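Let's walk through this structure together, with the confidence scores as our starting point. Keep the viewer open as you read.

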Amino acid sequence: MAEQGGRRRLLGVDVGGTFTDFLYWDGAALRLHKRPSTPDDPGRAVLEGLAERGWRPHEVVHGSTVSTNTLLTRSGARCALVTTRGFRDTLVIGRQARPELYALHPTRADPPIPDARRFEIDERVAADGSVVRALDEDEVAAVLDRVQASRAEALAVCLLFSFVNPAHERRIAEMARDRGLTVSASCDVMPEHREYERMSTTVVNAYVAPAMGRYLSRLEAGLRAGGAATGLRVMRSNGGAMSVAEASRDAVRTVLSGPAGGVVGARAAAEAAGVGQLISFDMGGTSTDVSLLPGRVLERTDFAVGGLPIRTPTVDVHTVGAGGGSIASLDAGGALRVGPESAGAAPGPAAYGRGDAPTLTDAHVVLGRLRPDRFLGGAMTLDAAAAERAVATLSDGFGRSATRTAQAIVEVANANMARALRVISVERGFDPADFALVAFGGAGPLHACDLAAELGIPQVLIPPAPGVLSAAGMLQAPVVKDAEQGMVLRIEPDATGREAALEATFARLEAEARAALRRDGYGRCRVERSADLRYAGQSHEIAVPLRSASRAAIRAALAAAHRARFGHADTGRALEVVVARVKAIARSAAPPATSAPAASGPEAARTAPQTSTVVWDRPRRTRILDRGALRRSIAGPAILTQLDTTILLPPGWRARPLASGSLRITREGRR
Amino acid sequence: MPSRSTTAGAIDPARLAVFESLAASIAEEMGATLRHTALSPNIKERADYSCAVFDAGGRLLAQAAHIPVHLGAMPESVRAVAELAPWSPGDVAILNDPFRGGTHLPDVTMVSPVFRPGRGGRRALVGYVSSRAHQADIGGMAPGSMPVAQELVQEGFIIPPVRLYRAGALVPETLALFLRNVRTPAERQGDIDAQVAAQRVGERRLAALAERFGAAGFRRAAAALLDSGERAALAGMAAIPPGAYNFEDALDDDGASDEPVPIRLRLTTSARGWDLDFTGSAGQRPGSINAVAAVTRSASYYVLRCLLPPEAPTNAGLFRPLRFTLPERSVVNAAPPVAVAAGNVETSQRIVDVVWGAIAQALPDRMPAASSGTMNNLAAGGIDPRTDEPWAYYETSGGGLGGGPDGPGLRAAHSHMTNTLNTPAEALEIAYPLRVLENSVRRGSGGAGRQRGGDGLVRRTQFLAPATVTLIGERRRRGPWGAAGGADGRAGRNRLERAGRRDRALPGKTTFQVEAGDVVRMETPGGGGWG
């Protein structure tokens, strides 16, 4: 998908909560770097990291948690909302459900716009787009006076049925912009039906965009000052990259920036290894993200952050609260639990020497799988005695054996993650046997083979630098522009011919998307069309790629997708087109997908192979070696260490280094 | 420590956790299938359904948490279909009879036996899977099948336990009889198909689980899971001072007369469990507020579940330490032929209030005040002038939650026995000849106190064509009670707005006709204040 980078120097940088990861293509080789994040000003870690290494990239692709953190900490802009009369509390009421079914005192986060800054206009559009009550511009002017008097710095406008007829909404937005207000209009942000979800998405955009804009212009200036000639781009939630201008305007489309980088990176690593269908498995310190890619990146539109629904497309990532720092405990009923509470980075697992809660990481230390002297390439020493003390506190139900307890902790954590993998595969009608598991993140390669065995996945791929794969994905990401339009277009079961209205909408969206990319300097692109379809009467849609607007093609596409997902389809029923989507994709410069990062600096030091006793199903003599030194295939049991992760190769599995730099792990005796 | 844990210790805490996770994921997967394939907004948008997994003895092993009112009722369904044995693999039973495994008629339940291959080609029963979904219309005297009725037979089509599938093949007579007795057969057919799809997923997954653990291993794991539930319940109960606590509350009326309907409870708690004695509660009534015993149990289970930590498993073991004394033919233990539609949605909320109030006497520093105490049901239907097709719509609305020691009550949300979503105005207006004019917070309706009760809702719905409308709501006479000195929340009220006329007050429970342009205004109760 991406052109070879040639001599252009490129940087992928993923700003996480704990670490900022760098992957740098200097025109000939890939280099990696990792440093602590600077949450007070996330850009500082980026600039300082570049200065530390003396790197001066021509282009930077950036994964940012700024919009997510702004939402979670409720530190966004002072916003106001204008909506249809009768609906200003929609943001409070939501879908009227409480977040927990069983709680003595259920709570819900307050909306990001308080009661006093939500305003109503006496106008109304009906479901068919006709105007029930016309817009009175004098009233609009009076309401905008009040908006300005409230000292709002950003305005969200969301009127009922604006996805069918946006005239009123556009006029209000225009009048507000004439007064110098920064406006997010729902017909621009996310023109789809369901007023709460559209309003929430629009409000989130208004709320985070100013912070995002300020952050990006500061970062851009800093990069220039440091000698980097920037084309700065930002990772979108659904796996492409976008310009600074677009990210500042459509900030809501960056909320899943980091995980999107991981999914794209996993896909690039799999493709380089000749694998088309994969499940990405990203396990870090506090949580695990999994995503299924049946030959393409799946997207979803039912995401939420901090209780606020966000309907813009994101990579279809499913998250579970299971990571290396997950704390193990016995519950009142006597069952062993692992997570969702996490010891995080501070105090961290007991083996880090600061906390005393038993974690999944401690279980691996007790079993001899994480090597105290080879952790993070030897940069950090683990306290094995502290790990054992912590795990032993739970050993009553396990014959007072710390080893058996540690095995049990790993088993329960695996069950939690297997459940997540089942949700994204089996529950959607996919057979895991048709997929490869691409494992990354600091802890992914510790669990990959166990999970593959549990789900019947035949092969595991470990990318070259599993600890910075999100940054690698950012380097590989194409430049993308999405455009979508909600509608309710009914197609009767026996109708033939073409849907002219749909064709016209696709054509308009495509022209918009191409123009947007052209403005950002990408004249050539290819365009994908898809639509959200459902059978008439259903209220959940399936996103289906569409090559043609012929009625027969639309019907066939829905029938195939519905059958694949739910096992049946009702071809005799009318269907509805609910959203038309286009995605314009332009190539960007990227390093060759097969390049593996060359270690530089202290991490280049190789550690000598050794043999030690490690507990698998039982204690076994196990070879421990440096992954970088592996030239031929090797049979388990073995442990491969590298700077950013530890790879477990259980008995019965075989690992083979590939030309692409990834490691392929399969069951012994199978190919 | 539990008295019946003969098999405890036979499996270790990790195997127990793995089994629990696998059983729960079966129920969740069934739920995902049902929701994604169903036709009616009530199931898809509002998620008004539950799925559950049982062992061969009909004991609940896991339930996907959606609707608490289904908690105690799903096991009754499995018990009720026992009369259809012997089973063949591929059988699916269907029922909605509230007196034989159901709750109220719109809740249509399916139960499938699940087998694993045994010795010599014989198959061994390993358990059951069950799904229950609130279908938007099941016939009867009013669209939406939630009428103000006086007999069960008026409320809709009654399905005793019968086979819908026999050995994997549809029993067409069962389906034909059902579809001929409902207002929107195409939609019902779609929902039935979706429920069957969920059953099939559950059957496959439970068979695979049994295969994986082996016959004996599965039984051992199931027994250990139930024991762990019991231990979790007893651990929660141990935090409550032992003693006997009395509480009484009342429903406004039964819809047939103005007389209040009292519910009384004497709750005796000890380290060994709860005795819940409802003696003194009203006898069953002509109106539809009668609750079947399963509903009373569900409401009590719900309160216990709220007192336990979030990770506690939901299974039959959790409910072992509860013992019930339910007077015969009473509002908390109804017998044929009375109507029961509101017993499920309204009386269940009042039973929660009574159990909640009794516990609040034991734990005054922990329990919040009463929440809205009603589901504010609106059912409507008629002929859609856009298509000339019949339509039927059902919606419940939230209210204010009680303030409590931890803070003010949540506003405009569903409480206690339901957590269904609202239908978006834009989805509703596309589907039905309706227009939502207002959906707002009813400011000032929460009860005063150190921690205020949450405010209720104001919802104004305009009818664009003539329709038959049923309202079933509670707390229309007296608002939800405050606690620890807090004031009551404001009572709810219903009004009919008609162009050119004065607004007309509507009773809490009523069926009436509307003309095109009429507006029904519903104001839901605020929560009680605390302190």
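Chain A as a whole has a mean pLDDT of 89, and 94% of its residues reach 70 or more.

A word on the ground rules: this is a predicted model, in which local features need pLDDT of at least 70 and side-chain atom pairs count only at pLDDT 80 or more, while totals for chains, interfaces and linings use all residues. Residues are numbered from 1 along each chain as its sequence is written, and chains are lettered from A and ligands numbered from 1 in the order in which they are written.

Chain B averages a pLDDT of 92, and 97% of its residues score at least 70. Residues 1-9 of chain B fall below 50, and this stretch has 11 contacts beyond near neighbours in sequence. The model's overall scores are ipTM 0.91 and pTM 0.89.

Now for the domains, whose bounds come from an automatic or database domain assignment. Chain A is divided into domain 1 (76-204) and domain 2 (480-586), with C-alpha centres 27 Å apart. Four residues of domain 1 of chain A are in contact with five residues of domain 2 of chain A. Chain B is divided into domain 1 (13-141 + 149-231) and domain 2 (368-531), and their C-alpha centres lie 31 Å apart. Here each domain of chain B gives 13 residues to the contact.

Next, look at where the chains meet. The contact takes 65 residues from chain B and 53 residues from chain A. On the side of chain B that touches chain A, α1(B) gives the most, with 13 residues. Helices (H or I, at least four residues) and strands (E, at least two) are DSSP runs, numbered from the N terminus. By class, this side of chain B has 33 nonpolar, 16 polar and 16 charged residues; Ala, Val, Leu, Ile, Met, Phe, Trp, Tyr, Cys and Pro count as nonpolar, Asp, Glu, Lys and Arg as charged, and the others, Gly among them, as polar.

How do α12 of chain A and α1 of chain B pack? Helix α12 (residues 402-424) of chain A meets helix α1 (residues 13-37) of chain B at an angle of about 10 degrees, with axes 9 Å apart. Axes are lines fitted to C-alpha atoms, for helices over the stretch in contact, and angles run from 0 to 180 degrees between N-to-C directions. Among the contributors are A408(A) and R419(A) from α12(A), and P13(B) and S25(B) from α1(B).

Finally, find the open sheet of four strands in chain B, ordered β13-β12-β16-β19 with antiparallel pairing. Strands pair if DSSP finds at least two bridges between them. Six bridges join β16 (residues 467-472) of chain B to β19(B), and T470(B) has T511(B) as its bridge partner in β19(B).

Methods
Two residues are in contact if their C-beta atoms, placed from the backbone, lie within 7 Å. pLDDT is the predictor's confidence in each residue, from 0 to 100.
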